[in-house]
Amino acid sequence: MKEEEKYQWAAWLDDQVSDAELEQLRQDPDYAVMEKIKSYTAALRTPEFEEDALLLRIQNQQRQSGKVRRLFVKQTLQWAALLLVFLGLGLGYMMTRTEHEMTGSGERITFQLPDASEVQLHAGSELAYKSWNWDSNRLVSLDGEAYFKVAKGKRFDVKTAQGTVSVLGTQFNVKVRGNRLEVTCFEGKVQVATPSEKIILTPGKTLAYDQQKRLFFHTTNALQPAWIAKELAFEKEKPQDVLAELERHFDLTIKAEAFPKNELFTGKLPGDNSEAALQLLAHSYHFKVVKINDRTYSLDATP
Amino acid sequence: MEDANLCNESLFERFYRAHVKALRNFLLYKFGNTEQAEDCTQEAFIKLWQNCGQVTPEKAKSFLYTVANNLNLNQIAHQKVVLTYAQKANVSSATSESPHYIMEEEEFKTRLLSAIENLNETQRVAFLMHRIDGKKYHEIAEELNISVKAVEKRIHLALEELRKKFSNFR
C-alpha cells in the first residue's frame, strides 16, 4: 500500500525524522556506515576561488556595455524632454481652458466663479466652466445639484443634460439627477429651456421635468433650497431616487431590493441625521431599517 | 523607484556577494571542473547584468540558476579530486584511536570521495548542495526548478549508491 514514497534516509539526512523513525533506522545493519557517510560528507569543502577578481571581470564587462547603454539613454532623454515640452504646452493650454469642481458622497463645497458669483455644490455633483473670457461668456455645465448666487452682469447659463437654465443676477437652485431636472428661483428671474418649451421663473416658483416632460410647476415659500439648511426636500420623487439622494448626501450604502418602485414620495427628511431620515422614509412605506454597519443599512418589509 | 533594480552597481555587488559562492559551488558539482565552474559563474552574472532592467531583485536568483542550469559544456577534462575534507580542529587523542583505525578511516574517506564523484550528475549535485552548502530541500528544489519530492528522491538514490559501496552485506 505504497501511496507516496517516503524517502526515509533523505529525511534522516536532513534531521527530519521522529524519534520512533530514528529507532527504526538504527536497526538497519548499515546504520553505522550511513552515520559515517553523514558526518564525513558534512566536512567536505570546495576549493577556494577569487571572489573579488571575478567581480572585477564582471564589472569590466559592465563598463564596456555601459558606454553603449549610456549613449542611447542620452538620446532617449532628449526626445523625452522634447515630448514633455509639447505635452506641457498642450496641457497648459487645456488647463487655462476649463475649470472643474466636484463633490463626492456626503460632501458639499462652496466656491466662487471668476465674477464672484457664488456656487454651493451638493453631494455627488460636478460643475465645469471656462474661466478665460468669463465676463463675456458666463457658462457652466452641471451634473448634480447646485445653488447659485449670481453676480449682476451679462447672461449666466447653466447647461445640464436635461435642459439649460439662464439667469440675470439671481439666486436659484438647479437639481439634475438622471432624467430629472428641478429648478427653483429664489431671487430675480430664471429661464428654463428644454427641447419642448422655455419657461421663465420668478421668485418662489419651482419647476420640474422628468424625461423632459413637465412634472410640476408651482410656488414655494422657501427663501433658499432646503438642503442648504440641512433638510432634504422631495416632491413626487421615485423612492429609488430618494434612496440614491440619501446615499449620496450621507455617504452610505442602502440595500432595499423590495422597496416600492412607483409610489412617489413627497416630504422633507432631516439632512443632518441619517438614521432619522432613513426611519422616516422607511416608515412611510411600512418598511423597517436594519443597521449593518456605520455605512451600510438595509430596508426590509415588515410582515 | 528607478534604482530599485540590479542595474544599480552597488545593489548588484551586494547581490553578487550573497550568491556567487553557492552558484560557483553548484556549477562545480555539475561540471567537476574549477575553471569551467568559474567561467560559467561569470557568464551567468554577466547575463544577469545585461538583463538587469527586466529582472526584479526577487526574481534575480531564479534567473541566475536558470541560466546556470542551462549552460551546457562540451565535456572537457572532468577533474578528479575537486573536493577536500576540512581539517578537524580537535585532533582526536592518541589513546582512543589506533593507527590502524585512523588508516581505515582515511581509506573510507578516500573511497567515499571517489564514490561521490562517480554519482550520476543529478544525484551528485543535489546531494552536495545539501552536504556542503547546507541548503534545505525546498531551497534546492527552487534552484533546480524541481519539486521537493524530486529532491528527496535524488538524495535517497545518492545515499543508496554510496551505501552500496560500503555495505556490510556483500
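Residues are numbered from 1 along each chain as its sequence is written, while chains are lettered from A and ligands numbered from 1 in the order in which they are written. Because the model is predicted, local features need pLDDT of at least 70 and side-chain atom pairs count only at pLDDT 80 or more, whereas totals for chains, interfaces and linings use all residues.

**View 1. Secondary structure of the two chains.** Chain A has 6 helices and 19 strands, and chain B has 7 helices and 1 strand; helices (H or I, at least four residues) and strands (E, at least two) are DSSP runs, numbered from the N terminus. Along the sequence, the elements of chain B follow the pattern α-α-α-β-α-α-α-α. Of the 303 residues of chain A, 27% count as buried, and of the 170 residues of chain B, 27% count as buried. A residue is buried if 20 or more other C-beta atoms lie within 10 Å of its own, exposed if 12 or fewer, and partly exposed in between, with C-beta atoms placed from the backbone. Two residues are in contact if their C-beta atoms, placed from the backbone, lie within 7 Å. Among the contacts of chain A with a separation of 6 or more, 37% are between residues 24 or more positions apart. In chain B, 67% of the contacts between residues at least 6 apart in sequence join residues at least 24 apart.

**View 2. The largest nonpolar core.** This core has 39 residues, and those with the most contacts inside it are L27(B) and I155(B). A nonpolar core is a set of buried Ala, Val, Leu, Ile, Met, Phe, Trp, Tyr and Cys residues joined through C-beta atoms within 7 Å. At least two residues of the core come from each of α1 (8-13) and α3 (31-42) of chain A, and from each of α1 (9-31), α2 (34-50), α3 (57-70), α5 (121-131), α6 (137-144) and α7 (148-166) of chain B. The most is given by α1(B), with 9 residues. With neighbours within four places in sequence left aside, I155(B) is in contact with Y7(A), A10(A) and L13(A) of chain A, and with A126(B), F127(B) and H130(B) of chain B. A second, separate core of 27 residues includes L127(A), V158(A), L181(A) and Y209(A).

**View 3. The contact between chains A and B.** Chain A brings 28 residues to the contact and chain B brings 37 residues. On the side of chain A that touches chain B, α1, α3, β1 (44-45) and α4 (51-95) each supply at least two residues. The largest share of that side, 8 residues, comes from α4(A).

**View 4. Helix pairs in chain B.** Two packed helices are described by the angle between their axes and the distance between the axes. The axes of α2(B) and α3(B) come within 9 Å and cross at roughly 135°. This makes α2(B) oblique to α3(B), as angles under 35 degrees count as roughly parallel, over 145 as roughly antiparallel, 65 to 115 as roughly perpendicular and the rest as oblique. Axes are lines fitted to C-alpha atoms, for helices over the stretch in contact, and angles run from 0 to 180 degrees between N-to-C directions. The crossing of α2(B) and α3(B) is right-handed; a crossing is left-handed if the near helix is turned anticlockwise from the far one by less than a right angle, and right-handed if clockwise. Here C40(B), A44(B), K47(B) and L48(B) of α2(B) meet A60(B), F63(B), L64(B), V67(B) and A68(B) of α3(B). For α1(B) and α5(B), the axes come within 8 Å and cross at roughly 150°, and this crossing is also right-handed. F26(B), Y29(B) and K30(B) of α1(B) meet E121(B), R124(B), V125(B), L128(B) and M129(B) of α5(B).

View 5. An open sheet of 3 strands has the order β16-β19-β18 in chain A, with mixed pairing; two strands pair if DSSP finds at least two bridges between them. β16 (253-255) and β18 of chain A stand at the edges, each with a single partner strand, so one side of each lacks a neighbour in the sheet. The twist averages 25° from one strand to the next. Helix α6 (residues 274-284) of chain A packs on the sheet and touches β18 and β19 of chain A, its direction making about 145° with that of β18(A).

**View 6. The hairpin of β18(A) and β19(A).** These strands form a hairpin with 2 residues between them. β18 (residues 287-293) and β19 (residues 296-301) of chain A run antiparallel, joined by 6 bridges. N293(A) has T296(A) as its bridge partner in β19(A), and F287(A) has A301(A).
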